[in-house]
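Take a look at the model below. We will walk through it in short steps, starting with a loop and ending with aromatic rings.

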Amino acid sequence: GVWSATSGLVRFSTRTRGGSWSTAASVPMCLSNRRVALAPLGASRALLAFHGTDDALYVSTYTTGAWSTPARIVTRITGVPAVARGLPGAAAELAWIDPAGVAFHARLVGTTWSSPLRIGGASLVSVALATAP
């Protein structure tokens, strides 16, 4: 589980196959006062996307017990980003709303994010993603 605490720290816990949860710990260098987005990327991997306290969009990857240093994707967003497992050929899909209310998308292929692609819309306030099985 991952959540944003009232302090702005993004915290996480992991669950064992036996059902017990680990003690909550901070995701290094992650600060957000909003809900965060999380998607599984396969065995022992996950992607976290969050609206930073500086209004930028960041992502961090969890791989076998450790979070990567957050990478800034764009400098300004509004609302909460959305993430999903990637379509064939990609590890993950990411969507967000810019300050003008327009939706954008980027795809993670290997370790590289694609350039932002404008999806469209006007005066949007939220975005969601899902990947079919």
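Begin with Thr64, which lies in the loop between strand S6 (57-63) and strand S7. Strands here are DSSP runs of E with at least two residues, numbered from the N terminus, just as helices are runs of H or I with at least four. This is a predicted model, where local features need pLDDT of at least 70, side-chain atom pairs count only at pLDDT 80 or more, and totals for chains, interfaces and linings use all residues. Residues are numbered from 1 along each chain as its sequence is written, and side-chain values use heavy atoms, with hydrogens and water left out.

Look at the backbone of Thr64. Its phi is near 40°, a positive value in a residue other than glycine. Most residues other than glycine have a negative phi. Thr64 is also exposed, with a relative accessible area of 64%. Exposed means over 50% relative accessible area, buried means under 20%, and partly exposed lies in between (1.4 Å probe, protein chains only).

Which other residue has a positive phi, near 60°? Ser123 does, and Ser123 is not a glycine either. Find Ser123 in the segment after strand S13 (117-120). Ser123 is exposed, at a relative accessible area of 65%.

Now move to Thr69. This residue sits in the loop between strand S7 (66-67) and strand S8 (71-74). Is Thr69 buried or exposed? Its relative accessibility is 54%, so Thr69 counts as exposed. Leaving out residues up to four places away in sequence, Thr69 touches Met29 and Val59. Touching, or contact, means heavy atoms within 4.5 Å. Thr69 and Val59 are 10 residues apart along the chain, and their C-alpha atoms are separated by 8.5 Å.

Next come the rings. How many aromatic pairs does the structure hold? There are 5. Rings of Phe, Tyr and Trp (its six-membered ring) pair if their centres lie within 6.5 Å; planes under 30 degrees apart count as stacked, over 60 as edge-to-face and the rest as tilted. Take Phe12 and Trp67: their ring centres are 5.7 Å apart and their planes are at 75°, so this pair is edge-to-face. Phe12 lies in strand S2 (residues 9-12) and Trp67 in strand S7, so the pair ties together parts that are 55 residues apart in sequence. Both Phe12 and Trp67 are buried.

Compare Phe50 and Tyr58. Their ring centres are 5.4 Å apart with planes at 15°, so the pair is stacked. Phe50 is buried, with a relative accessible area of 2%. Tyr58 counts as buried at 15%. Finally, return to Phe12 and Trp67: together with Tyr62, they form one aromatic cluster.
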